[in-house]
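I have the model open beside my notebook and am writing down each thing I look up. Keep the viewer at hand and follow along.

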Amino acid sequence: MAREPVSTRARARRERLSACAAGLLGEPVRLEPLPGSSGRSVLHRVLRPPGAPALLAKHFPRRDGARNAGGFGYLRERAGAGLIEAAPAVAARCDEHRLVLVEDLGPLPDLGSLLRAAPPGPAVPAALRAWARALGAQARPDPARAAELAARLAAADPEARDPGRLPSPGLADRGLERLLAGASPAQSAAVHAELAELPALLRRGAHSCVSTGDHSPANVLLGPAGPRFIDLEGTAHHHPALAAAAVRGGWPLAEQPVLWNRATGEELLAEFLRGGGPGLHALAAEPRWPRLVALGGAHAVLTGLGLCAAPDRARALAAWGARETAAQLPALAARLDRRAREQGTGRGPARGRTIDR
């Protein structure tokens, strides 16, 4: 297949970035664009002299990316270096060009593709358990690490409020507003009362961990030595219960959601706690832990409702949220269940999968 013509502007940008990378590494290099870029970043392979370690270059086009720590982007990717368990090593970075050079992990399969395969392959159960343990290690309480992340982001963006908090916090607020549209004052009050503890899970505190902030299986590569977590654009501190919610119920926010049943979720949650060690085990032994995990699920579904306007996906998100919050947050679950039924039958969870084992 013939290559698409490269615009003069794009060619000039690539040449500037290649020159920047060459200066960082002290050797002649070229950058080759790769698929998999997002609206926030563009990925390149670094073509180096023979024998040099393989690297990737991640460029963040937004010019305010080196100053704005509030959303996803360059500053969080840079700040996460060395703080995220099992993430690729950072070789060099350039604030002027918003360029990060990271370890190239090679052509590894991602967990999301493995889970969406039909039928599920025999490697799925072991891969899920390994992922849950690795995410538990990442989510273990570490307030010193959370403080370091906050300090790095505050130094780069002195105007940031609560630096290091999960990006774009207004999405969950928007989702809650949409969910409660048409609710009675009593229903709204009951839901708000159940969610009263949620802000504390998002603020930096004694139990905070540091994670990628995006627990999508698509951002987990399955390496021979265990899972590796890529995409640090959303690096954040938060309570471990938010990661535990993804382990217990799955990931409903993806274009093709991947969910699992309660038995699988409980098994994976046990692996998650095993990976997190004594600190996470002690936290999970507290009586309020199940409620905190339910609040983590609530945050995920409200964020999704804030992002998503498509009726079928909103219905699937609401149905997932109702299931995950029913035991601990009944008023919220009732509202989510109502919203799921209001959206109509449609096509269900948009080509998603439910994993039984």
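My first entry is a question: with which residue does Arg323 form a salt bridge, and how far apart are the closest N and O atoms? I find that Arg323 forms a salt bridge with Glu324, with 2.6 Å between the closest N and O atoms. By salt bridge I mean a side-chain nitrogen of Lys or Arg within 4 Å of a carboxyl oxygen of Asp or Glu.

**Ground rules**

I am working on a predicted model, where local features need pLDDT of at least 70 and side-chain atom pairs count only at pLDDT 80 or more, while totals for chains, interfaces and linings use all residues. I number residues from 1 along each chain as its sequence is written, and side-chain values use heavy atoms, with hydrogens and water left out.

I stayed with Glu324 and looked up its burial. For this I call a residue buried under 20% relative accessible area, exposed over 50% and partly exposed in between (1.4 Å probe, protein chains only). Glu324 comes out buried, at 4% relative accessibility, whereas Arg323 is partly exposed at 34%.

Glu324 also meets the side chain of Arg248 in a salt bridge, at 3.1 Å from N to O. Arg248 sits in helix α9 and Glu324 in helix α12 (residues 311-325), so this pair ties together parts that are 76 residues apart in sequence. My helices (H or I, at least four residues) and strands (E, at least two) are DSSP runs, numbered from the N terminus. Arg248 is buried as well, with a relative accessible area of 11%.

**Helix α9**

How many residues of helix α9 (residues 240-249) are buried? I get ten of the ten, so the helix is largely enclosed by the rest of the structure. Among the buried residues of α9 I note Pro240, Leu242, Val247 and Gly249. Just after α9, Gly250 has a positive phi of about 110 degrees.

**Two domains**

I then stepped back to the chain, which is divided into domain 1 (16-103) and domain 2 (111-342); these bounds come from an automatic or database domain assignment. Their C-alpha centres lie 27 Å apart. The contact (heavy atoms within 4.5 Å) takes 27 residues from domain 1 and 29 residues from domain 2.

The two domains bury about 2200 Å² between them, 54% of it on carbon and sulfur atoms. Buried area here is the accessible area (1.4 Å probe) that two parts lose on being put together, summed over both. Which residues of domain 1 lose the most area to domain 2? I find Arg76, Leu83 and Glu85, together 32% of what that side buries.

Glu85 turns up again in a salt bridge with Arg145, with the closest N and O atoms 3.5 Å apart. Across the interface of domain 1 and domain 2 I count six salt bridges by the rule, and 25 in the structure. On the side of domain 1 that touches domain 2, helix α2 (residues 74-79) gives the most, with five residues.

**Arg78**

Arg78 lies in helix α2. Is it buried or exposed? At 19% relative accessibility, Arg78 counts as buried. Leaving out residues up to four places away in sequence, Arg78 touches Arg93, Asp95, Arg152 and Ala156.

**A salt-bridge network and a helix pair**

I also noted Arg40, Lys58, Glu77, Asp231 and Glu233, which are linked in a network of salt bridges.

Another pair is Glu342 with Arg338, whose closest N and O atoms are 3.1 Å apart in a salt bridge. Both lie in helix α13 (residues 330-342), four residues apart, about one turn of the helix. An α-helix has 3.6 residues a turn, so residues three or four places apart point the same way. Glu342 is partly exposed at 45%, and Arg338 is partly exposed at 43%.

**Positive phi away from glycine**

Arg98 has a phi near 55 degrees, a positive value in a residue other than glycine. Arg98 is placed in the loop between β4 (90-94) and β5 (99-103), and is buried with a relative accessible area of 10%.

Ser168 is not a glycine either, yet has a positive phi of about 50 degrees. Ser168 is found in the loop between α5 (143-156) and α6 (170-179), where it is partly exposed at 32% relative accessibility.
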